[in-house]
Amino acid sequence: LDLADLSSVVRASKLLDSRRIHILIANAGLLPRQYATSVQGHELAFATNVLGHFLLIRCLLSNLEEGSRVVVVTGDIYCLTKACTPDYTYQGSLGALLASCRSKLGNLWLVAELQRRYDKLLILGVHPGVVASNLGGARSAPSERGRRRGIAINSVRGAQTSLICATQPNLLPGGYY
């Protein structure tokens, strides 16, 4: 599955044919190093992080039953921008960072709109923290005791909020955790 290629998303969703899905975690988080576009011509971070998630969720709607959960992983860097559009172009590393920020804002809008349209599902947005995924050059913390402020958490700790949202009762529909 290549979330940047919408044809790939459709093909992958068809492989799941009539399988029931109770929990779907949309966890793509591409931070481009330089400007690039998807096969369909969309800016790459937007194509992967927003359009890819949106199309995958839409293609799998018939697999989701009442009460199923959709968890969309986003990030607090959304606050560095005010817009999310597919026609964003940029140069340099700051532009790439802003592309990622824009896509995270788009994911929050995606959560809100999906929850509004599909009220029988539980749609949640999640900020996992700053995770040492090598996505944006974050480095791992040596240990809990040795953590300094600003050092990323490991992927196990980063997954905790997504897992809570995927499994725990009484969460706010459309909530951001």
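User: Where is Asn-170 found?
Analyst: Asn-170 lies in the segment that follows helix H5, which spans residues 160–167. Please keep in mind that this is a predicted model.

User: And what is its phi, the phi of Asn-170?
Analyst: The phi of Asn-170 is near 60 degrees. That is a positive value in a residue other than glycine.

User: Is Asn-170 buried or exposed?
Analyst: Asn-170 has a relative accessible area of 80%. Exposed means over 50%, so Asn-170 counts as exposed.

User: Let us change topic to H2. How many residues of H2 are buried?
Analyst: Twelve of the 16 residues of H2 are buried, and H2 is therefore largely enclosed by the rest of the structure. Among the buried residues are Phe-46, Asn-49, Val-50, His-53 and Ile-57.

User: What covers the buried residues of H2?
Analyst: The cover includes helices H1 and H3 (92–117), together with strands S1 (21–26) and S2 (64–73).

User: Where is the kink in H2 centred?
Analyst: The kink is centred on Leu-51 and amounts to about 35 degrees. Leu-51 is also one of the buried residues of H2.

User: Now the neighbours. How do the axes of H1 and H2 cross?
Analyst: The axes of H1 (residues 6–15) and H2 (residues 44–59) come within 9 Å and cross at roughly 25 degrees. Angles under 35 degrees count as roughly parallel, so H1 is roughly parallel to H2. The crossing of H1 past H2 is right-handed.

User: Which residues meet there, between H1 and H2?
Analyst: From H1 come Leu-6, Val-9, Val-10 and Ser-13, and they meet Leu-51, Gly-52, Leu-55, Leu-56 and Cys-59 of H2. By class, this contact of H1 with H2 has seven nonpolar residues, two polar residues and no charged residues.

User: What about the axes of H2 and H3, at which angle do they cross?
Analyst: The axes of H2 and H3 cross at roughly 20 degrees and come within 8 Å. H2 is therefore roughly parallel to H3. H2 passes H3 in a right-handed crossing.

User: Which residues make that contact of H2 and H3?
Analyst: On the H2 side they include Ala-45, Phe-46, Asn-49, Val-50 and Arg-58. On the H3 side they include Ala-99, Ser-103, Lys-104, Asn-107, Leu-110 and Arg-117.

User: And what classes of residue does the contact of H2 with H3 have?
Analyst: The contact of H2 with H3 has eight nonpolar, six polar and three charged residues.

Note on methods: Residues numbered from 1 in each chain as written. Predicted model: local features only at pLDDT ≥ 70, side-chain atom pairs only at ≥ 80, totals over all residues. Heavy atoms only, no water. Axes fitted to C-alpha atoms, helices over the stretch in contact; angles between N-to-C directions. Helix = DSSP H or I, 4+ residues; strand = E, 2+ residues; numbered from the N terminus. Parallel < 35°, antiparallel > 145°, perpendicular 65-115°, else oblique. Left-handed = near helix turned anticlockwise from the far one by under 90°. Contact = heavy atoms within 4.5 Å. Nonpolar A, V, L, I, M, F, W, Y, C, P; charged D, E, K, R; others polar. Bend = angle between axes of the 7 residues up to and from the residue. Buried < 20%, exposed > 50% of the residue type's maximum accessible area, 1.4 Å probe, protein only.
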